[in-house]
Amino acid sequence: MISDKRLNNLSVALGLLLTVYVAQDLHFNPRWYGDNGPGVGKLPRDIVAGYMHTAYGRGQVAEAARLYYTKKTIDVTPDAPYRNDSLPLKDTVREVIAEGLNVAVHHCVEGDGGAREVVDMFRTWNGRILWRKTIAQPVNGPSCAASELARPVDLGLKPVSG
Amino acid sequence: MAVTTRAVAGTTNKLDIWFIGKLVLIFFRIMLGAWMIVSGSSHLLTVFGYAPIFPQPLGNLHPSNVMLVALLEVGLFDLVKTVELVVGLCLVFNVFVPLALAAALPVSYMVFHNSIALNMRYDRIFSTYMAVWCLYMNVILLLAYIRYYLPMLRMRAPMGKLEDFRMLPSIFRDPDQEPGKSGH
């Protein structure tokens, strides 16, 4: 009825067509098609880094929300500092802890009202921020550089310089 | 890409239950290959600075998130997706199929494990999701090509000799497809 050689050629052609079909099916999947946010397809720490660069580094909180939040994003601490647009803030990242889709950033922010040690926690989802919580405390000093938390921690592994 | 696949010429298939079974297996082969080409190339496009075909899902539950993000961050995901792409091409173009199926098995299992165990979607075990059927198709195809794995499964296998390397060119020769005959 049909030779093995012809069957093989047909299977290769069908395989290529199937590849194109699968590609277009996945590309146009409504779960992600049309979302061109800057964090889409990025790792959670890169999403948070992008958000923080816009919100803190450029002081454009509203723009950062537009780019990185979703309609279902929850801000657990809406009254926390730095929730409004401002001039670019000086932001010193001390530590980033990332596991799975969760990212926590300990950083020191200098702006109007002095410097604060801030821990921002995020949960990301599909390239955007789903959940956010901020804990802030005033710096025990005139600036972030003078903060007690700026000192390196001695883990007993090697001598701490300075 | 021009491909000359050296299947046995002259064998004609009759329309019977065995031929229908063969068609089903061919469908599994090209479906698994197509899915792996798309999945592999989507991630590898980003490695070269292009937009992916689809953004990589990172799972629903925390264990799945942790595994996928860790694979991406340590660079192992690049290796996995390269294996997927190469295996997919082999399956679609019907070359080195036994080797491709064996190489695909760990990848297929991890896709299954991530989808079912790590995301606790045991209801999907009997579904038609590709995340589970990639493993099922892989195993079924391995069984369909078992004749090529039999030498590997021998209980007693004395070590070979340097002269065995001279047999390497034989991998490009047409296989003996007649039932009951071993090509080795």
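This is a predicted model: local features need pLDDT of at least 70, side-chain atom pairs count only at pLDDT 80 or more; totals for chains, interfaces and linings use all residues.

Visitor: OK, chain B next. How many helices and strands in chain B?

Guide: Chain B has five helices and one strand. Along the sequence the pattern reads β-α-α-α-α-α.

Visitor: What share of chain B is buried?

Guide: Chain B has 184 residues, and 26% of them count as buried. As for its contacts between residues at least 6 apart in sequence, 63% join residues at least 24 apart.

Visitor: Now the contact between the chains. How many residues from chain A and chain B?

Guide: Chain B puts in 35 residues and chain A puts in 28 residues.

Visitor: Which parts of chain B touch chain A?

Guide: Strand S1 (12-13), helix H1 (17-47) and helix H2 (62-74) of chain B each bring at least two residues to that side. H1(B) gives the most, with nine residues.

Visitor: You mentioned S1(B). Which strand of chain A joins S1(B)?

Guide: Strand S1 (residues 2-3) of chain A. Two bridges join it to S1(B), and the two strands run antiparallel. Within that pairing, Ser3(A) sits opposite Thr12(B).

Visitor: Let's talk cores. Which residues touch the most other members of the largest nonpolar core?

Guide: Ala34(B), Trp35(B), Leu91(B) and Cys134(B), in a core of 29 residues.

Visitor: Which helices supply that core?

Guide: Both chains take part. Helix H1 (4-27) of chain A gives at least two residues, as do H1, helix H3 (76-92), helix H4 (97-118) and helix H5 (130-144) of chain B. H1(B) has the largest share, eight residues.

Visitor: What does Trp35(B) touch?

Guide: Leaving out residues up to four places away in sequence, Trp35(B) touches Val22(A), Met130(B) and Cys134(B). So this tryptophan of chain B has a contact with chain A, given that Val22(A) is on the list and contact here means C-beta atoms within 7 Å.

Visitor: Where does the other core lie?

Guide: Apart from the largest one. This other core has 20 residues, among them Ala55(A), Ala98(A), Val103(A) and Val139(A).

Visitor: Switching to the sheet in chain A. What's the strand order?

Guide: S2-S6-S5-S4-S3, five strands in an open sheet with mixed pairing. The edges are strand S2 (69-75) and strand S3 (90-99) of chain A, each pairing on one side only. On average, neighbouring strands are turned by 20 degrees against each other, direction ignored.

Visitor: How many bridges between S4 and S5 of chain A?

Guide: 10 bridges, with strand S4 (residues 102-111) and strand S5 (residues 114-125) of chain A running antiparallel. Val105(A) stands across from Asp120(A). The two strands make a hairpin with two residues between them, and Gly113(A) in the turn has a positive phi of about 90 degrees.

Visitor: And S5 to strand S6 in chain A, how many bridges?

Guide: Also antiparallel, with 10 bridges from S5(A) to strand S6 (residues 128-138) of chain A. Opposite pairs include Met121(A) with Lys133(A), and Trp125(A) with Arg128(A). This hairpin has two residues between its strands, and Asn126(A) there takes a positive phi near 50 degrees.

Visitor: Back to chain B. Where is Asn94(B)?

Guide: Asn94(B) is in the loop between H3 and H4 of chain B. Its phi is positive, about 55 degrees, although it is not a glycine.

Visitor: Is Asn94(B) buried or exposed?

Guide: Buried, because 22 other C-beta atoms lie within 10 Å of Asn94(B), and the cut-off for buried is 20 or more.

Visitor: And Met120(B), buried or exposed?

Guide: Met120(B) is exposed, because it has 12 other C-beta atoms within 10 Å and 12 or fewer counts as exposed. Met120(B) lies in the loop between H4 and H5 of chain B. Its phi is positive too, about 50 degrees, and it is not a glycine.

Key. Residues are numbered from 1 along each chain as its sequence is written. Chains are lettered from A and ligands numbered from 1 in the order in which they are written. Two residues are in contact if their C-beta atoms, placed from the backbone, lie within 7 Å. Helices (H or I, at least four residues) and strands (E, at least two) are DSSP runs, numbered from the N terminus. Two strands pair if DSSP finds at least two bridges between them. Axes are lines fitted to C-alpha atoms, for helices over the stretch in contact, and angles run from 0 to 180 degrees between N-to-C directions. A nonpolar core is a set of buried Ala, Val, Leu, Ile, Met, Phe, Trp, Tyr and Cys residues joined through C-beta atoms within 7 Å.
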